[in-house]
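This briefing walks through a protein model topic by topic, for a reader who is new to looking at structures. Please keep the sequence and the 3D view open while reading the points below.

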Amino acid sequence: MLRFAVVRGGLGLLAVRRASRLSRSSHSDVQTEYKPIKKVMVANRGEIAIRVFRACTEMGIRTVAVYSEQDTGQMHRQKADEAYLIGRGLAPVAAYLHIPDIIKVAKENGVDAIHPGYGFLSESADFAQACADAGVRFVGPTPDTVRKMGDKVEARSLANGAGVPVVPGTDGPISCLQDAQAFAQTYGFPIIFKAAYGGGGRGMRVVREYEELEENYQRAYSEALTAFGNGALFVEKFIEKPRHIEVQILGDKYGNVIHLYERDCSIQRRHQKVVEIAPGFQLDPHLRDRLHSDAVNLAKQVGYENAGTVEFLVDKHGKHYFIEVNSRLQVEHTVTEEITDVDLVHAQLRVCEGRSLPELGLKQDKIRVNGCAIQCRVTTEDPARGFQPDTGRIEVFRSGEGMGIRLDSASAFQGAIISPHYDSLLVKVIASGKDLNTAASKMSRALAEFRVRGVKTNIPFLQNVLSNNQFLHSTVDTQFIDENPELFNLKPTQNRAQKLLHYLGHVMVNGPTTPIPVKAKPSSIDPVVPHVGMGDPPVGFRDVLLRDGPEGFAKAVRAHQGLLLMDTTFRDAHQSLLATRVRTHDLKKISPFVSHSFSNLFSLENWGGATFDVAMRFLSECPWKRLQELRALIPNVPFQMLLRGANAVGYTNYPDNAVFKFCEVAKENGMDIFRVFDSLNYLPNMLLGMEAAGAAGGVVEAAISYTGDVSDPMRQKYSLDYYVNLADELVKAGTHILCIKDMAGLLKPTSSQLLIGALRDRFPDVPIHVHSHDTAGAGVAAMLACAEAGADVVDVAVDSMAGMTSQPSMGAIVACTKGTKYDTGIALEKVFDYSEYWEVTRGLYAPFDCTATMKSGNADVYENEIPGGQYTNLHFQAHSMGLGNKFKEVKKAYTEANKLLGDLIKVTPSSKIVGDLAQFMVQNSLTRQEVEERADELSFPQSVVEFLQGHVGIPHGGFPEPFRSKVELERGKTLHIKALALGDLNKNGQREVFFEMNGQLRSVLVKDTVAMKEMKFHPKAQKSIKGQVGAPMPGKVLEIKVKTGSKVEKGQPLCVLSAMKMETVVNSPMAGTIKAIHVSPDASLEGDDLILEIEE
C-alpha cells in the first residue's frame, strides 16, 4: 500500500525511507533498518516447508530445503529452488535437530533467513541464537523471547505478572520423579506432564492414579527428549473437560502487537489436535474480549515480535486459564488466514525484513472476521486401532477439492512412502463458509471425494465428527472424542478397484491360487496319425459353396439324400471335455486325414468365443493363424463358427461396424458358415449378426437356443408355438439354414420329433440343423429322432471325444444309420482310426480332462438345465475349491437361480449369469426365498446386475419382478484395467506390478512367494498361538523391560515402541513366564512382527 501511494504521489525513494522511519519511530525508540530477504531456508520438512516455500516464491524470494537421509524422496525437496542433505548418519528426527549442520548449509549457500516451521527447532532458543550468531535472520521472535516463551515455567511466571490467570503448576521444570510425586500430594490427581521446550502433544501425559505416575513420567520425558532434544518437564493440575481456545498474535520490531482472533482446538486425542475451528463457536463475547486482551497484553509485556499463539483452557464455568505461548507458526494457522484474509507467512517474512504492522496494513481495527473455517488433519492413523500410526506406500491418492476447500500437504501423492520416523500428518484440509454448518458441509463433501489406498487414514472418523449433532449445534470440549464412542462406528471403505488390482497382481507374480484338483500328468505316448492317401482330397460341400454361393449351398444341403453330420471335435467337443486346451499343433496333425476321409461332412466346427479366450490367455496362440493354417490343410470341408449376435466372440455388445468387420475378416481367412445365436433369443441382437455374416458373403445359419421341454404341457413358457414363431422371424430375415441349439442336451426323442416335425412342416425348403449335448446319455436317440422328423444335419463328435457333456458319438450315429435312408455315407473304419488318434491325444491333456473329477453324465440335467460346457466347468471348480461333495447343492442352486431370474434360456453369456448367482447363493448359504426377500440389501455379482439392467438383452417374458426392482442397479462403476509390467524384486521380497486403470497409472506391491522362500524375514506373531506378542504398529524398539525367564503379570509393560515421535507401551496380554525375546533395542519392526513369547 505504501509503495502504491508513493508512486501515485510522486515521492522519491529518499522521501519514502524517511516516511517509513518516522512511522516506525513513532512506535518505538528502536531503530531497525528495512533489509529485504533474498533467500530463505526452511529448517523443517513436509507440508509446512512447502507452505513457506510457496509464500517465498510469491514474494520473489529464493528457497532452500534441507532433508535427512530418510527424506530423500520427500516432496519438500522438489518444491525448493535448492536442497541439501543434513544430519548424515544421524537418526531421522535427530537430523532436523542438528543445529551445526543447518547453520553450515545456510552460511555456505548465502541464506539470509531461516524459517523454523513448527516442531523440531521452532521453539529452540539455542537455535534462534545460533542463527543470530551466524548473521542469519531467524523468522520468529528474538532468542530471548523464544527462551522465555519456550520455557513453560517462565511463561507462566510472565503470565502471572501480566495478570493473566494460570493453572496451578510447578514453578520450574522438575528434576526427578520425586518432584512430581510431591506436586501430586499437594494438589491431588489428575495431573499432567508437559514438555518444557515443545508442544504438539509430544511429551504430554495425563496421570489419574499414583500407580501410573512413574511409567507416564518416563514416557513423557523420553518423548520430549526425542522430539525437542530436551526432556525437561513441568507439572500442572489437570483441568477436566475444558475447551481449548488459542489466540493468534502478530507483533513487529516496533512494539506493535495485534490479535487475529481465536481458534477452538478442543477436538483432540492424546492431546493432539484433530479438528480446529476459527473463530471459536458459541463463545461468550465478554470471554472472547478477555482472551484477546490477555493474549495481546502478555505479548506486549515480553516485546513479542513475529507470529505466535497464546493458548488457554476454558472450564465449564467460563473461567479461562493461560497454559502456554507457542512462539512459532501453528499447524492450524490456516483457519485464521481463511477468516481474516491475512497471509501469516507473508507477514512473518515482512516483519523479519523490518516492516512494521501498520506498513503492512495490519491494524487491529482493520482486522475483521469473515465467516468460519474448519481444518481437519488427515493422518495415516487407524481410528479402529486406537489411532495407531500406519506406514507403507500410498498406492492411490485422489483428493477432494472445489470451492471453499484448501489443501496443504507434502507426502500426499501416489507412490509416496509413509515411514514410521515422522509425524503421521498426510494432508491438512481446510474448508471455509459463511458459518460453521456451511464449512462443515463443504468439508464433508471434500473428505468424501478422497481416495487413499495403501495406508489407513482417519478420514472415516473425521466424517463422523463432522456429522455429529453436538459438533454442529453445541460446544465441544477436550473430552468430546472420549465421550462419543459412536464416532468409532466407522463406515468401511469398499476399495474394490485396489483389491482387484492386488488380486490380479498376485496372479501375475505367483500364478493362480485355485489348485488343480487332480495330479494327473500328460501322457508320454504321442498319437499316431492314420495313413493319408496321396493326391488332393475328394470334392466336398465346400466346393459346392464356392461354386454356387450360400443360397446354392443351402439348396444342396436340403436336397441331399441321407443324414449330414457336423463334426465338433475341433472345438465344442474339447471345449466341453478338455477346457478348450487343445493346441493348434494337434489339430493340424489330424487335419489332412479329416480332409481325405470325411469330405462328405456338412461342416467342421472349429472356431468360436472360447477359441479366442483360451488361445490368447493360456495357449499363447493366435486364433486367426489357427483358422488360416487349418483352412490350408482342409480345403474341401466347410468351416463353421459360433457368432454371438451383437457380441461377436465376446461377452458384451460391440459397435455394429466392429461386428461387420469381424465377419468380413473371418470370411477372408477361411470361415464359411456363421451360426448366429443370442443367449436370450433376443431378435434384434440376432438380426445384427445375421446381417453382418450375410454381408461378408458367408452362409447364415440362424440358431434358436433351446430350453425347457416342448413335450411337457406343464412347461409352456417356451412352448412349441414360441419356437415356431421365432423361426418365422428368422426365415423372413433371410437365414440360409435354421438351427436348433440345444446347449444343455434337453431334447428327448419325443420333444425332438415334436419340435423338428413342426419346423419341417412350416419350412419345407429350409435346411434344419440340430446341435445338442449328451450330458444325460440320450443324445444318440434324440438325434436319430430329429433325423426321422426331418432334420438335415445333426452334430456329433468322434467317439473318443464324445459323450457326457460333449456331443453324441459319431460312430454310433454312423452305425445306426448305415443301410437306412439316413445313411451318412461315412466309412465306419475311418471313424475308428479318427477316434484312436484322439484317444491318445486326449491323454496329452490329462490335467484338464473332465473325467478327472466327473465319471459320467447325469440325467438330472433335465431338471437343472446346465449347458454341457458349463456343467463341466462348474464340476471342476467345485472340486478345485474343495466343494466336490457339495456339487449337488451347486446344481440345485443353479435350478433355483434360474427360477429367480425368470427361467432363462441358458447359453453363454446368460448361462454364466445363472451360474454366478447360483455360486453366490451357495457361498452365502442363501435360499431362493431369502434372496427374494433380501434383494434390496444383497451385493449381487456384477453379471446379475448388468443382466437386470438390460445389458445382455430383454428375456422372453420380460424381467423377473419384483426381484428386478429390488436389486440396486448401480451404474457408472466400470473399471477398465490393462496390465503393463512387472517390476524387479525388492529387498522386502515384493515386486511392483503396474496397471493402467481408467486411463491412470496404478501400481501395487505384491509378495513373490517363491523368492521369499530364499529370503530371511522377521517372524510374525500368530494370533492363534497363545502367548505370542506382536508389534501393534510399525516402529522402533526403544526399551525392553523384561528378560527371558522373567515372571510377568497381565498388563505389565513388556517393551516400548516409538513411531512417528509417539511412544507406545506394549503390555503383557497374560500372566506367565517370558519364553523367548525376538527383538533388541533399536530394532525396526513392521506391524505384527513377533516381539516375544510368553508361556503359562
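Two strands are said to pair if DSSP finds at least two bridges between them, where strands (E, at least two residues) and helices (H or I, at least four residues) are DSSP runs that are numbered from the N terminus. The model is predicted, and local features need pLDDT of at least 70, side-chain atom pairs count only at pLDDT 80 or more, and totals for chains, interfaces and linings use all residues. Residues are numbered from 1 along each chain as its sequence is written, and side-chain values use heavy atoms, with hydrogens and water left out.

**Domains**

- The domain assignment, which comes from an automatic or database source, gives domain 1 (39-139), domain 2 (372-496), domain 3 (541-849), domain 4 (860-966), domain 5 (977-1007) and domain 6 (1028-1095).
- Taken over C-alpha atoms, the centres of domain 5 and domain 6 are separated by 34 Å.

**Strands β28 and β29**

- Strand β28 (residues 737-741) and strand β29 run parallel and are joined by four bridges, and K741 has H771 as its bridge partner in β29.
- Strand β29 (residues 768-771) is covered on both faces, since I768 and V770 on one side and H769 and H771 on the other are all buried, where buried means under 20% relative accessible area, exposed means over 50%, and partly exposed lies in between (1.4 Å probe, protein chains only).
- Q640, which has its place in strand β25 (residues 639-643), counts as buried because its relative accessibility is 0%.
- Residues are in contact when heavy atoms lie within 4.5 Å, and, not counting residues up to four places away in sequence, Q640 touches a set of residues that includes M566, W607, R675, E701 and H769.

- Strand β12 (residues 306-314) is mostly covered, with nine of its nine residues buried.
- On one side of the pairing, nine bridges join strand β9 (residues 243-251) to β12 in an antiparallel arrangement, and H244 has L313 as its bridge partner in β12.
- Strand β12 is also joined by six bridges to strand β13 (residues 320-326), again running antiparallel, and V310 stands opposite V325 in β13.
- The hairpin of β12 and β13 has five residues between the strands, and in this hairpin G318 takes a positive phi near 85°.

**The sheet of β31, β32 and β33**

- An open sheet of three strands has the order β31-β32-β33, and its pairing is antiparallel.
- Because β31 (977-985) and β33 (1000-1007) stand at the edges and each has a single partner strand, one side of each is left without a neighbour in the sheet.
- Strand β32 (residues 990-997) and β33 run antiparallel and are joined by eight bridges, with V993 having V1004 as its bridge partner in β33.
- Helix α18 (residues 496-510) packs on this sheet and touches β31, β32 and β33, and its direction makes about 55° with that of β33; axes here are lines fitted to C-alpha atoms, for helices over the stretch in contact, and angles run from 0 to 180 degrees between N-to-C directions.

**Nonpolar cores**

- A nonpolar core is a set of buried Ala, Val, Leu, Ile, Met, Phe, Trp, Tyr and Cys residues joined through side-chain atoms within 4.5 Å, and the largest one has 130 residues, with L565, F570, Y834, W838 and F940 having the most contacts inside it.
- This core draws at least three residues from each of domain 3 (541-849) and domain 4 (860-966).
- Leaving aside its neighbours within four places in sequence, F570 is in contact with several residues, among them L587, I590, L630, Y834 and W838.
- A second, separate core has 39 residues, including A416, L426, V429 and L447.

**Aromatic pairs**

- Rings of Phe, Tyr and Trp (its six-membered ring) pair if their centres lie within 6.5 Å, and planes under 30 degrees apart count as stacked, over 60 as edge-to-face and the rest as tilted; by this rule the count comes to 29 aromatic pairs.
- F397 and F450 form an edge-to-face pair, at 5.9 Å centre to centre and with 80° between the planes.
- F397 lies in strand β18 (residues 396-398) and F450 in the loop between α15 (436-449) and β22 (451-453), so that the pair links distant parts of the chain, 53 residues apart.
- F450 counts as buried because its relative accessibility is 5%.
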